[in-house]
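Let's take a look at how this protein is put together.

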Amino acid sequence: MATIRVIFESGEPERVIEFDPAEAPFQHDGRPASILDILLGHGVLLEHACGGNCACTTCHVIVKRGSGALSEASEQEEDLLDKAPGLTPTSRLGCQAVVEDPSAEIVVVVPRFIINQVCECARSAT
Ligand code: FES
C-alpha cells in the first residue's frame, strides 16, 4: 500500500490516505492515480477549477517527501506552475503528478493561497 499525508497550510487537520495505485482511478477528475484523483477519491478536497485538465493552478501542492515516486512533470505542467502563487522547487500540479510506486510514502502540503479562492466544488464536498 502507498500512503499520502496531506498537510493543510490553512490549519485544517492533517489527513493520511492509504491506497493502492493499481485501483485508480478513484474518481473522474485528473490523471488516474494522480494526487488529485487519490485525494478526491478518499474524501479530501483539493481545488481543481479546470477539472484536472492541466489548465489552471488551483490543484498546486508542495511535495515534501516522496517526489521520486511521482511521474515526471510535463512541459505544460511546468509552464502552468510558473504562474502558481507560492511556487517552490518541489511544487506540482496535483492533477498531473501520478503516483507510480505502489509502496510510495508521500507528504504534500496544500498551500493556503491559490488563484481561484472560490470553487463550487469546495462547498459541495464539505
Ligand atoms: S485542476 Fe487545473 S491544473 Fe490541476
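## The core

Of the 26 residues in the largest nonpolar core, the ones touching the most other members are Ile35, Leu36, Ile38, Leu39, Val99 and Val108. A nonpolar core here is a set of buried Ala, Val, Leu, Ile, Met, Phe, Trp, Tyr and Cys residues joined through C-beta atoms within 7 Å. Buried means 20 or more other C-beta atoms within 10 Å of a residue's own (exposed is 12 or fewer, partly exposed is in between), with C-beta atoms placed from the backbone. β1 (2-8), α1 (35-41), β3 (60-65) and β5 (105-110) each give two or more residues to this core, and α1 gives the largest share, 5 residues. Helices (H or I, at least four residues) and strands (E, at least two) are DSSP runs, numbered from the N terminus.

This is a predicted model: local features need pLDDT of at least 70, side-chain atom pairs count only at pLDDT 80 or more, and totals for chains, interfaces and linings use all residues. Residues are numbered from 1 along each chain as its sequence is written.

## Strands side by side

β1 and β5 run parallel, joined by 6 bridges, and Val6 sits opposite Val108 in β5. Strands count as paired if DSSP finds at least two bridges between them. On β2 (residues 15-19), which runs antiparallel to β1 with 5 bridges, the bridge partner of Val6 is Arg15. β3 also pairs with β5, in the antiparallel sense over 3 bridges.
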